[in-house]
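Please open the structure in a viewer and keep the sequence panel at hand.

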Amino acid sequence: MPKIPVRVVSWQEIVDWSYGLAERIIDSGYRVDVIIAIARGGLVPSRILADRLGVVDVISLKVEHWVQTASRNPEARIKYPYSVDLSGKNVLIVDDIADTGDSLILAKDYAKRNFNPKEIRTATLQVITQTTKYVPDYYYLEVKDWAWFMYPWNYWEDVINLVKKLKDSGVNIKNLEELKRAYVDSYGSHPPIDLNIIIDEMKRRGEF
Ligand code: ADE
């Protein structure tokens, strides 16, 4: 059975962390003109930061993680490339977490080459110092030991994927009691959505 440490993050924590992150940006004196939200993880933090900082212009870059054949490390790519003129603007690129750092490195390089801003800085709610190749200019929480953070905008997707992993490892997911036991044993936390509701949703999606 897989052993993956999973931490469930609440909506209230997201608001608190985003406000805490905003304070750090304010204290630094950086005046943000445009926020670039890395989709999808940076979307909700970006919107909260925009409100707190008084930023009207929020745009987005969709970063996808391509798993190459015979490669364990997915390659980050901009899925829908475009150009826009941000000359004279102070830009803040926002994501939920710096884990490998690949999304931020890619988005920063892409924005520099295609958007022509005055300055680019980066911000995340969390940074995993053990694994990241890039530390953002601003972050709120430093994580020492790697874990999967289940953010509230991702509960359904994450729980479904975690159930699929259990299924692939041989757990009989038709036996709800066995599934619940295996879930807690493998991931070290309780699912934020009842597993029988998750199974119903997997059936609706034709994934069961
Ligand atoms: N996205 C990339 N790494 C992550 C992690 N460790 N937790 C949640 N989302 C992530």
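Predicted model: local features only at pLDDT ≥ 70, side-chain atom pairs only at ≥ 80, totals over all residues.

Select the ligand and the residues around it: these are Ile97, Asp99, Ile128, Trp146, Ala147, Trp148, Phe149 and Tyr151.

Next, display the side chain of Asp99. An N or O atom in this side chain is 2.8 Å from a nitrogen atom of the ligand. Then turn to the backbone of two further members of the shell. At Ala147, a polar backbone atom is 2.9 Å from a nitrogen atom of the ligand. At Phe149, a backbone N or O atom likewise lies 2.9 Å from a ligand nitrogen. How much of the accessible area of the ligand does the protein cover? On its own the ligand has 260 Å² of accessible area, and the protein covers 80% of it.

Rolling a probe the size of a water molecule over the atoms shows where empty space is left. The ligand sits in the largest pocket, and the volume of this pocket is about 1200 Å³. Select His65, Ile97, Asp99, Ser103 and Trp148: of the 39 lining residues, these are the closest to the centre of the pocket. Two or more lining residues come from each of β2 (34-39), β3 (57-66), β5 (90-98), α3 (102-115), β8 (148-150) and α4 (155-168). Which element gives the largest share of the lining? Colour α4, which contributes seven residues and holds that place. The lining as a whole divides into 16 nonpolar, nine polar and 14 charged residues.

Six helices and eight strands make up its elements, and from the N terminus on they follow the order β-α-β-α-β-β-β-α-β-β-β-α-α-α. The C-alpha trace spans about 60 × 40 × 35 Å along its principal axes.

Two details of the backbone conclude the tour. As background, most residues other than glycine have a negative phi, and most peptide bonds are trans. Select Ala39 and Arg40: the peptide bond from Ala39 to Arg40 is cis, with omega near 10°. Arg40 belongs to the loop between β2 and α2 (43-53). Finally, select Asn116, in the loop between α3 and β6 (119-128). Although Asn116 is not a glycine, its phi is positive, at about 50°.

Note on methods: Residues numbered from 1 in each chain as written. Heavy atoms only, no water. Near = heavy atom within 4 Å. Polar contact = N/O pair within 3.5 Å; in protein donor to acceptor, adjacent residues only side chain to side chain. Areas by Shrake-Rupley, 256 points an atom, 1.4 Å probe, with all protein chains shown as cover. 1 Å grid on protein atoms, 1.4 Å probe; cavity = no way out; pocket = protein on both sides within 12 Å on 5 of 7 lines; lining within 4 Å. Sits in = over half its atoms within 2 Å of the grid points. Points joined across faces, edges and corners; volume = space filled by probe spheres on them. Helix = DSSP H or I, 4+ residues; strand = E, 2+ residues; numbered from the N terminus. Nonpolar A, V, L, I, M, F, W, Y, C, P; charged D, E, K, R; others polar.
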